[in-house]
Each structure stands twice: as C-alpha cells, then as structure tokens.
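Please look through the model below with these numbered remarks beside you. They are written for a reader new to protein structures, and each point takes up one topic.

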Amino acid sequence: MKIILLIASMLFLSPFWRQNEDELAESIARGKEIYLNNCIVCHMGKGEGVEKLNPPLAGSDYLIKTPEKAIKAIKFGLKDSIEVKGVKYNGMMPEPGLENEEIADVMNYISNSWGNKSAKIIDVKTVEGIKK
C-alpha cells in the first residue's frame, strides 16, 4: 500500500517539480543577460569580484545565507560595510535601476552559478517584500 501511495504521489507531484525546474531555468537564463549587462564590470565574469574592492559572488556565504540582504543591495544599492568569505568590503554599490522581475532573475542566476546552489527560487513577490 505504501508503494502505491508513493508512486501515486510521485506521478501527481512530478509536473509541479518539472514546472518549478523550467521556471528556474528560464529565470536563470534571463538573469544571466541582466548580469552581463549590469554586474559583470564589478563582479567579473566568473563572479570572482575584485579583491578588497568588489565582493565575490562565487561561493558567497553572504549571498546564500542572507539572500534578503543581497536582494536589498541589488534593489537599493549598498553603502554599508559587508563581510563576504571572511573579508570586509567597504565599497559602494550604486542602485542599478532594475525592475523587481529583473532583480529576481539576476538573484536566481547568481545564486545558482559559480558553485552557488540555492534551494529557494527568488520570485517577484519576494523582491517586492524587501523594503529600504
């Protein structure tokens, strides 16, 4: 009986998993374009950043552990000191002027690139909820 329930639940939930995977893949693709047009100059092609000037996004504990802070930085810019991978960064990140959907897409891209893996998909509603 347990096997039948397991198989039935897998068949029922499978389309939802696939839909989420497809949505994430599409968001990541859009996010890559946004990154290439807005972020690459400071954070570099492989998300490595510039030592002691612009923090790395690759393997970034700040990005993965505190995505709300990362969203806020993208949405409003950043003037505060932050610590990434044990290094303090005091630079300023200007507000890039992105729409909420673009912020969600670029967050999904950087959160799933260069060794980063986020279990959570960032959506527009999440971005809209981030306030100054």
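1. Lys52 sits in the loop between α2 (40-43) and α3 (61-65), where helices (H or I, at least four residues) and strands (E, at least two) are DSSP runs numbered from the N terminus. Its phi is near 60°, a positive value in a residue other than glycine. With a relative accessible area of 64%, Lys52 is exposed; here buried means under 20% relative accessible area, exposed over 50%, and partly exposed in between, with a 1.4 Å probe and protein chains only.

2. Before going further, please keep in mind that this is a predicted model, in which local features need pLDDT of at least 70 and side-chain atom pairs count only at pLDDT 80 or more, while totals for chains, interfaces and linings use all residues. Residues are numbered from 1 along each chain as its sequence is written, and side-chain values use heavy atoms, with hydrogens and water left out.

3. As for the overall layout, the protein chain has 6 helices and 2 strands, and along the sequence they follow the pattern α-α-α-α-β-β-α-α. Of the 132 residues in the protein chain, 35% are buried. Among contacts (heavy atoms within 4.5 Å) with a separation of 6 or more, 60% are between residues 24 or more positions apart. The chain exposes about 8700 Å², and carbon and sulfur atoms supply 59% of that area, as computed by the Shrake-Rupley method with a 1.4 Å probe, where for residues only the protein chains shown count as cover.

4. How many disulfides does the chain hold? The count comes to 0, a disulfide being a pair of cysteine sulfur atoms within 2.5 Å. Cys39 is in no disulfide, since the nearest cysteine sulfur, that of Cys42, is 8.5 Å away, which is too far for a bond. Cys42 is partly exposed, at 37% relative accessibility.

5. Helix α4 (residues 67-76) has as its buried residues Pro67, Ala70, Ile71, Ala73, Ile74 and Lys75. The cover over these buried residues includes α3, α5 and α6. After α4 comes Gly77, whose phi is positive, near 85°.

6. The largest nonpolar core has 18 residues, of which Tyr35, Ile71, Ile74, Ile103, Met107 and Ile110 touch the most other members. Such a core is a set of buried Ala, Val, Leu, Ile, Met, Phe, Trp, Tyr and Cys residues joined through side-chain atoms within 4.5 Å. The elements that give two or more residues to this core are α1 (2-38), α4 and α5, and the largest share, 6 residues, comes from α5. Apart from this core lies another, of 6 residues, among them Tyr62, Leu78, Val84 and Tyr89. In soluble globular proteins, nonpolar side chains tend to be buried together.

7. Ile110 deserves a separate remark: leaving out residues up to four places away in sequence, Ile110 touches Tyr35, Leu57, Leu63, Ile74 and Asn116.

8. A search of the whole structure finds 3 aromatic pairs; rings of Phe, Tyr and Trp (its six-membered ring) pair if their centres lie within 6.5 Å, and planes under 30 degrees apart count as stacked, over 60 as edge-to-face and the rest as tilted. The ring centres of Tyr35 and Tyr109 are 5.6 Å apart and their planes meet at 55°, so this pair is tilted. The pair links distant parts of the chain, with Tyr35 in helix α1 and Tyr109 in helix α5, 74 residues apart. Tyr35 is buried, at 0% relative accessibility, and Tyr109 is buried too, at 8%. Tyr35 also forms a tilted pair with Trp114, at 5.2 Å centre to centre and 55° between the planes. Tyr35, Tyr109 and Trp114 form one aromatic cluster.

9. Trp114 lies in the loop between α5 (100-110) and α6 (124-128). Although Trp114 is not a glycine, its phi is positive, at about 55°, and at 23% relative accessibility Trp114 counts as partly exposed.

10. Ser118 lies in the loop between α5 and α6 and is buried, with a relative accessible area of 18%. Leaving aside neighbours within four places in sequence, Ser118 is in contact with Ser111 and Asn112.
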